[in-house]
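Look at the fold below, then read on.

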Amino acid sequence: MKLATLKNNSRDGLLVVVSKDLTKCVAVPDIAQTMQYALDHWQHVEAQLSEIYVALNNGELLHEMAFTPSSCESPLPRAYQWADGSAYVNHVELVRKARGAEMPPSFWQDPLMYQGGSDAFIGPYDDIPVASEEWGIDFEAEVAVITDDVAMGVSVQEAAKSIRLLMLVNDVSLRGLIPNELGKGFGFFQSKPSSVFSPVAVTPDELGQDWHGAKVHLPLLSYYNERPFGCPNAGIDMTFDFAQLIAHAAKTRPLCAGAIIGSGTVSNKQGTEYGTAISEGGVGYSCIAEVRMIETIRDGSPSTAFMKFGDRIKMEMKDRQGHSIFGAIDQQVVRYE
């Protein structure tokens with residue numbers, strides 16, 4: 001099943017069921033007005049939404065409309081919880097090595113996670129407003145899950161059962177602000193502005209054989225200024241799966257329905273020490289920072305610039321037949337006035 005949220009005059013938008021091929025949709029206000037309502041009442045509405053999804057794909061509905069991804073909010077325009085992990089330890093290792101820091105062995109057993117701002121996500125086709133290019137504007141291509149209610153202290157096995165929907169993420173980062181913030185010893189805040197999610201959220205069964213082990217086993221495609229930038233496989237080099245990330249987030253607190261848990265930047269070593277650019281025959285990267293890290297390690301200093309006003313980033317994931325699963329995140333960075 002595929003779901004999205006259309007923009008309207010409310011903060012939380014209008015929930016729609018979207019066809020498998022992402023060409024048409026139907027509003028379902030009699031079942032659930034918003035995505036959060038559907039998640040809060042999942043046991044009661046899932047079957048009804050699934051029936052609508054089947055009928056929509058079969059062309060049996062009279063009140064369907066064209067689906068326009070640019071008219072979408074993020075599936076959850078705001079959420080009770082947004083916690084982003086760093087499940088691809090290759091990415092963490094690169095960050096630390098570039099600044100000459102050793103990576104503690106515990107990072108391979110205990111995931112990193114930060115709590116992001118979840119009160120104002122950006123729509124998947126909306127501009128990314130930033131006040132200064134000097135802040136080091138970067139994108140991060142990720143996968144995320146939306147959970148049902150999760151009990152505090154949940155086991156990894158039970159955590160896997162709580163996954164209701166999956167999305168793509170652009171976890172916008174301001175790299176120039178990160179060092180001073182982390183130097184205070186209190187984590188990210190200003191350096192992590194509003195995040196962005198794909199137009200469509202899908203139930204795990206939509207991925208078929210490419211969803212197993214609580215991981216998505218498909219390439220995550222990034223296009224920077226319309227050029228291929230990265231296509232690493234989200235199921236490779238993921239040290240911590242989504243069940244482990246959920247259990248980590250719920251160790252000392254419950255999670256409520258609609259909690260979003262991110263994978264962190266998708267990163268593949270692809271048989272080399274740090275990975276290889278697409279232009280060199282590799283699968284590339286999911287953020288500019290990784291390229292700069294490799295340049296620093298190899299050359300002593302980075303040569304690739306961070307994003308400038310007017311730059312575009314597009315992210316998408318396709319199934320084995322080449323069809324878009326979640327729709328695309330497609331955005332331009334603009335000066336915030």
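## A tyrosine in a helix

Tyr53 lies in helix H2, which covers residues 42-57. Helices here are DSSP runs of H or I with at least four residues, strands are runs of E with at least two, and both are numbered from the N terminus. This is a predicted model: local features need pLDDT of at least 70, side-chain atom pairs count only at pLDDT 80 or more, and totals for chains, interfaces and linings use all residues. Residues are numbered from 1 along each chain as its sequence is written, and side-chain values use heavy atoms, with hydrogens and water left out.

Is Tyr53 buried or exposed? Tyr53 is buried, because its relative accessible area is 8%. Buried means under 20% relative accessible area, exposed means over 50%, and partly exposed is in between (1.4 Å probe, protein chains only). Which residues does Tyr53 contact, leaving aside neighbours within four places in sequence? They are Met1, Lys2, Val17, Val18, Ser19, Lys20 and Glu206. Contact means heavy atoms within 4.5 Å. Ile137 is 84 residues from Tyr53 along the chain, and their C-alpha atoms are separated by 38 Å.

## The whole chain

The protein chain has seven helices and 20 strands. Its radius of gyration is 19 Å, close to the 20 Å that the globule rule gives for 337 residues, so the chain is as compact as a globular protein of that length. The radius is taken over C-alpha atoms, and the rule is 2.2 Å times the number of residues to the power 0.38. Along the principal axes, the C-alpha atoms fill a box of roughly 60 × 45 × 40 Å.

Buried residues make up 54% of the 337 residues. Take the contacts with a separation of 6 or more: residues 24 or more positions apart account for 72% of them. The chain exposes about 14,900 Å², and carbon and sulfur atoms supply 49% of that area. Accessible areas come from the Shrake-Rupley method with a 1.4 Å probe; for residues, only the protein chains shown count as cover.

## Nonpolar cores

In soluble globular proteins, nonpolar side chains tend to be buried together. A nonpolar core is a set of buried Ala, Val, Leu, Ile, Met, Phe, Trp, Tyr and Cys residues joined through side-chain atoms within 4.5 Å. The largest core here has 73 residues. Those with the most contacts inside it are Phe67, Val143, Leu166, Val216, Phe242 and Met317. Helix H6 (residues 242-249) gives the most to this core, with six residues. A second, separate core has 32 residues, including Leu15, Ala38, Ala55 and Ile146.

Not counting residues up to four places away in sequence, Phe242 touches Val143, Ala144, Val145, Ile163, Trp211, Ala214, Ile261, Gly262 and Ser263.

## A five-stranded sheet

Five strands form an open sheet in the order E7-E20-E19-E16-E17, with mixed pairing. Two strands pair if DSSP finds at least two bridges between them. The edge strands are E7 (128-130) and E17 (227-230), and each pairs on one side only. Neighbouring strands are turned by 25° against each other on average, direction ignored. Axes are lines fitted to C-alpha atoms, for helices over the stretch in contact, and angles run from 0 to 180 degrees between N-to-C directions.

Strand E16 (residues 221-224) runs antiparallel to strand E19 (residues 312-316), and four bridges join them. In E19, Glu316 is the bridge partner of Leu221. Four bridges also join E19 to strand E20 (residues 329-335), again antiparallel. Here Ile313 stands opposite Gln331 in E20.

Ala214 sits in the loop between E14 and strand E15 (215-216). Its phi is near 55°, a positive value in a residue other than glycine. Ala214 counts as buried because its relative accessibility is 11%. Glu226 lies in the loop between E16 and E17. Glu226 is not a glycine, yet it has a positive phi of about 70°. At 69% relative accessibility, Glu226 counts as exposed.

Asp205 belongs to the loop between strand E13 (200-202) and strand E14 (211-212). Asp205 is exposed, with a relative accessible area of 57%. Leu165 is 40 residues from Asp205 along the chain, and their C-alpha atoms are separated by 9.5 Å.
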